[in-house]
Amino acid sequence: MTKIEKVGSFESKITVYVVVCWVLAACGGLMFGYDIGISGGVTAMDDFLIKFFPAVYQRKLRAKEDNYCKYDNQYLQLFTSSLYLAALISSFAASKMCSKLGRKPTIFVASAFFLCGSLLSAAAQRIWMIILARVLLGVGVGFGNEAVPLFLSEIAPVQHRGAVNILFQLFITIGILFANLVNYGASKIHPWGWRLSLGLASLPAAFLFVGSVVIIETPASLVERNQESQGLSTLKKIRGVEDVDAEFEHIKMACEAAREVKDPFKTLMKRSSMPPLIIGVMMQVFQQFTGINAIMFYAPVLFQTVGFKNDASLLSSVITGLVNVFSTLVSIYGVDRVGRRKLLLQACVQMFISQTAIGAILLVHLKGSNSLDEGLAGLVVVLVCLFVMSFAWSWGPLGWLIPSETFPLEIRTSGFACAVSSNMLFTFIIAQAFLSMMCHMRAFIFFFFAAWIVAMGLFVLFLLPETKNVPIDAMVERVWKQHPVWKRFMDDYDGKEDVKNVGMII
Ligand code: BGC
């Protein structure tokens, strides 16, 4: 146990139990990350292509024809993207389950789907089996990504909420790195290395499975479902102190308002719900249009495009994976100190510079079948690392954090479900379209992403309020009603925030 911390009238300690809960729940991130990272490497493995995508393999053999287009195949992209489509659809069911039955059982269901999906993908014999396995994994992602960030935000003490929530993203990046390393090793095992790559996803799935049994339900979810005394004892347990009255009152008020809402999706359409909804959805659109997943899914393919051999390209994706993990730590440190807005804006500048520079190098030096000379290819890897670095301390984690902390409780699960499904929709679009876009737009694809980065910078500048250190159930009073643009939307807000506590946390 640590010393007691006091913020406003909320007291808390960091207890061993709560740390265990955070880590286990964040394994949901591990699973998601593994799924993101594994597909690119697997689709670059010849054995995998020969078994399921012989046409792509043939084209790859004739690769000298055109570097930008050798992987352009709708089925191959469907292998990657089907997961996100399934996640998109299932996140709505997950939101219902999350509010009716709680965060804990939702995480349990996620892990069960993850386990089935990873075993089936390792054993797949036909293309439909491999796609079905991706769909099962996708349902897992839909349930996991809905419940885990909410779970983390709700059990975190207010002053650490940002950092705790970013555990989810940290585990995503560890999952991606783990997948990159596995791919690097498995690509040398013929002809079944890809089975190992896909099957090892059952490891994080098993962690999450165990985690979902061990974790407790969040106090907010218990109170929301009329289990007040359990909610109170859970709050004492996770805060490690006896005096949790102020915080409990806060949760109860938010829950009262939540209970009055019969149809959360309808309430979500009210004017006063628009500010967090627009922000939650736009954060996802922007997160995906940074172009991050063009790199995460297809880094090995991309590095082959600029002329690396199989091995070197897989190794380069291990390097970007490492950069991704370590830069996320910066965010954990900075988010509750520096604040959300500064991190996002700084990253826009760095991402813009790297995307335009990559585009310019490829435009000038990579003509059709040629590859870059060694120095330039190395420079592209450095630029990709700079890009990944800035994404990892900003749009990556904050894309999940901001929507999980800005909706009032009465629309938190439904609002967050919209954010998750938008993320999945745009991830799906990028996964399905990137290889074809690269084939048609060539180097200009990087300028396309750079233009989006300008748009998102302006969005943050004018429309995104700072939410650092604002209690999760005081967002309406402290944030939305104070913002020059969004306050105009708040006239029909009839929820009950604890205005007494609202002023206390600076
Ligand atoms: C995004 C993923 C992305 C990952 C990269 C996550 O926040 O949602 O789409 O692949 O970050 O680390």
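Does Cys98 count as buried or exposed? At 0% relative accessibility, Cys98 counts as buried. Please keep in mind that this is a predicted model.

## The disulfide

Let us begin with the sulfur atoms. The structure holds 1 disulfide, formed by Cys69 and Cys439, whose sulfur atoms are 2.1 Å apart. The torsion about their S-S bond is about 95°, so the disulfide is right-handed. This pair links distant parts of the chain, 370 residues apart: Cys69 sits in the loop between α3 (54-61) and α4 (74-100), and Cys439 in helix α20 (residues 412-441).

Both partners can be checked for accessibility. Cys69 counts as buried at 13% relative accessibility, and Cys439 counts as buried at 11%.

## Cysteines without a bond

Cys98 is in no disulfide, and the nearest cysteine sulfur, in Cys255, is 13 Å away. What about Cys418, and how far is its sulfur from the closest cysteine sulfur? The distance is 14 Å, to Cys98, and that is too far for a bond, because a disulfide needs sulfur atoms within 2.5 Å. Cys418 is buried, with a relative accessible area of 15%.

## Salt bridges

Next come the charged side chains. A search of the whole structure finds 12 salt bridges. One of them joins Arg103 and Glu224, at 3.8 Å from N to O. Arg103 belongs to helix α5 (residues 103-123) and Glu224 to helix α10 (residues 219-224), and the two are 121 residues apart. Arg103 is buried, with a relative accessible area of 0%, and Glu224 is buried too, at 15%.

A second example is Arg271 with Asp491, where the closest N and O atoms are 3.6 Å apart. Arg271 lies in the loop between α13 (264-267) and α14 (274-289), and Asp491 in the loop between α22 (475-478) and α23 (499-502), so the pair ties together parts that are 220 residues apart in sequence. Here Arg271 is partly exposed, with a relative accessible area of 41%, while Asp491 counts as exposed at 60%.

## A further pair and a network

Arg340 and Asp336 also form a salt bridge, with their closest N and O atoms 3.0 Å apart. Arg340 and Asp336 are both buried. Elsewhere, salt bridges that share partners join Arg103, Glu154, Glu224 and Arg412 into one network.

## An exposed phenylalanine

Finally, have a look at Phe326, in helix α16 (residues 310-334). Phe326 counts as exposed, at 53% relative accessibility. Its C-alpha atom is separated by 41 Å from that of Ser229, 97 residues apart along the chain.

Key:
Residues are numbered from 1 along each chain as its sequence is written. This is a predicted model: local features need pLDDT of at least 70, side-chain atom pairs count only at pLDDT 80 or more; totals for chains, interfaces and linings use all residues. Side-chain values use heavy atoms; hydrogens and water are left out. Helices (H or I, at least four residues) and strands (E, at least two) are DSSP runs, numbered from the N terminus. Buried means under 20% relative accessible area, exposed over 50%, partly exposed in between (1.4 Å probe, protein chains only). A salt bridge is a side-chain nitrogen of Lys or Arg within 4 Å of a carboxyl oxygen of Asp or Glu.
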